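Subject: Structure for your review

Dear colleague,

Please find below the structure I promised to pass on, together with its sequence.

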Amino acid sequence: MKHSQNPASISRRGFLSATATAGLLWSPTLAGCGSMEIRGDDGDEARSVIFLVADGMNTGTWTLADYYLQHRSKQRTEWVQLYQERAVTRALMETCSANSRVTDSAAAASAWSTGVRIDNGAINFAPDGSELEPIHRRVQQSGRSTGLVTTTRVTHATPAAFAANVKVRGEEDTIARQYLEREVDVLLGGGEKNFSAQTRADGIDLKQQYQAAGYQLLQSRDQLLNMGEERAKRLLGLFWPSHLPYSIDRNQQPEIAQQVPTLAEMMRRALSSLEQNRHGFLLQVEGGRIDHGGHGNDVGAVVHDQLAFDECIAVAREYSQQHPETLVIVTTDHGCGGCQLNGMGSGYRDTDQTVFPGIDAIGASYEYLQSVFPSLETEQFKALVQQRLQVEIDEKRQQELVVARAKGGYAVANLLRSWHGSYARTGVNWTSGNHTGEFVELCAWGPGSAAIGQWIRNTDLHPVIGKALQLS
Ligand SMILES: [Zn+2]
């Protein structure tokens, strides 16, 4: 597999042609989204809300993705274009949780969902043990529909906090059941294992129960794109057993691209279903694996997942242009990994020659290479790593791999990362493998967006959404 291709532009082209042929469009063209005029804050009342989350996005990640897209396709990211056009309300957001300056995704999304800061690790339970009402309930009571779309398991912390209550975020089997009981209308992402009788701890066939309750089950990209005109109102789309593969691996592996839709494709399908409710909807769309790339200090994973997320801003922009009564919020819940481009060489003159060829040359995530390691012969694996990371595996490294495999977890991926050495190859370095505490980027447009101040707390978004949708 060549990695001299242009994954970003291929993925964009593929997205355009795939959606155009699948009858997903509510407008005759997608071209020229960047030149579409965005309606500003026309009054306070919104029919619908689209909430876009680039999970675990450092400002450095945001910048790097924009530089890289310029290098690959002479374009700026959709997010940067919004700022260039001065078309949006922009803010910095403080992301703390109740018990830490550095939040996790569960507490961060709970803050948006309920307006209350809680301890890391819980979903919509206050530190005193009381249960908080997720925003899904209030939106539903207003007659609207709700949808959760993500590249992680759909039961993962960020989408879960919009609709579920669990004291420990890892209770994902429970979250899958709560979505059904609480009638979340659209669920698209990974995490089939939390719905399947074979892999759920209680052995219950939740997929069957969802279907009995009127949900259309989608289990491949083809099924998502070719649903036809019936456009079911309730959708359960599960495209991978756990988190969806990284975009960099989707771009490189045809069998993954065939199975797994892009985040923007899932978002379009969700909008087609949700917009059938004349009262409106709340749709949360999460680029959830940007965070995982940050935890793994994996430059290729982070950049390509950030670009896949960026496509969703174009979709939101187009939708809101045709439905101006839509409030759109674009942000992240926290930074992760501290991704940052560093000046290289004397006077930093080597920077551009380092970063762009360095990222071009990465052809797989460390996670993907770890996942195929057990199934490949030693020589095959050595050749693959050479091709995708330009890393040579000698006798000594082979032994280290065997030891790492026995350890389990991410030990093999961590070894590959250390051998790859992304700092020297790309100029990108990391502060840790943990979440970070920086103030983060946020922008919004549409009814109610002007109420967002220049510097806000994560809890401040809750009343903004509540007021825009006139939730009681
Ligand atoms: Zn994380």
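The notes below go through selected residues and elements one at a time. Please bear in mind throughout that this is a predicted model.

Cysteines

How many disulfides does a search of the whole structure find? The search returns zero. Cys96 cannot form one, because its sulfur lies 16 Å from the closest cysteine sulfur, that of Cys336, which is too far for a bond. Cys339 is likewise in no disulfide; the nearest cysteine sulfur to Cys339 also belongs to Cys336, at 9.9 Å. For reference, two cysteine sulfur atoms are counted as a disulfide within 2.5 Å. Both residues are buried: Cys96 has a relative accessibility of 7%, and Cys339 has one of 1%.

Thr61

Thr61 counts as buried, at 2% relative accessibility.

Ser48

Ser48 belongs to strand 1, which covers residues 48–54. Is Ser48 buried or exposed? Ser48 is buried, because its relative accessible area is 0%. Its side chain reaches the backbone nitrogen of Phe281 at 3.2 Å. When residues up to four places away in sequence are not counted, Ser48 touches Gly280 and Phe281, then Glu325, Thr326 and Leu327, and finally Leu469.

Thr351

Thr351 lies in helix 15 (residues 351–360). With a relative accessible area of 10%, Thr351 is buried. Its side chain reaches the backbone nitrogen of Met344 at 3.0 Å. Met344 is also one of the residues that Thr351 touches; the others are Leu341, Asn342 and Gly343, again not counting residues up to four places away in sequence. As for Leu341, it stands ten residues from Thr351 along the chain, and the C-alpha atoms of the two are separated by 8.7 Å.

Helix 19

Helix 19 spans residues 411–420, and seven of its ten residues are buried, so the helix is largely enclosed by the rest of the structure. Which residues of helix 19 are buried? They are Ala411, Val412, Ala413, Leu415, Leu416, Trp419 and His420. These buried residues pack against four other helices: helix 16 (366–372), helix 17 (378–389), helix 18 (395–407) and helix 20 (422–426). Just after helix 19 comes Gly421, which takes a positive phi of about 60°.

When you look along this helix, one general point may be of use. An α-helix has 3.6 residues a turn, so residues three or four places apart point the same way.

Surface patch

The last item concerns the surface. Leu92, Phe439 and Trp455 form a nonpolar patch there, and together they have about 280 Å² of accessible area. Leu92 is placed in strand 2 (residues 89–94). Leu92 is partly exposed, because its relative accessible area is 34%, a value that falls between the 20% limit for buried and the 50% limit for exposed.

With kind regards

Note on methods. Residues numbered from 1 in each chain as written. Predicted model: local features only at pLDDT ≥ 70, side-chain atom pairs only at ≥ 80, totals over all residues. Heavy atoms only, no water. Helix = DSSP H or I, 4+ residues; strand = E, 2+ residues; numbered from the N terminus. Buried < 20%, exposed > 50% of the residue type's maximum accessible area, 1.4 Å probe, protein only. Polar contact = N/O pair within 3.5 Å; in protein donor to acceptor, adjacent residues only side chain to side chain. Contact = heavy atoms within 4.5 Å. Patch = residues over 30% accessible without salt bridge, like charges linked within 9 Å, V, L, I, M, F, W, Y side chains within 5 Å. Areas by Shrake-Rupley, 256 points an atom, 1.4 Å probe, with all protein chains shown as cover. Salt bridge = Lys/Arg side-chain N within 4 Å of Asp/Glu carboxyl O.
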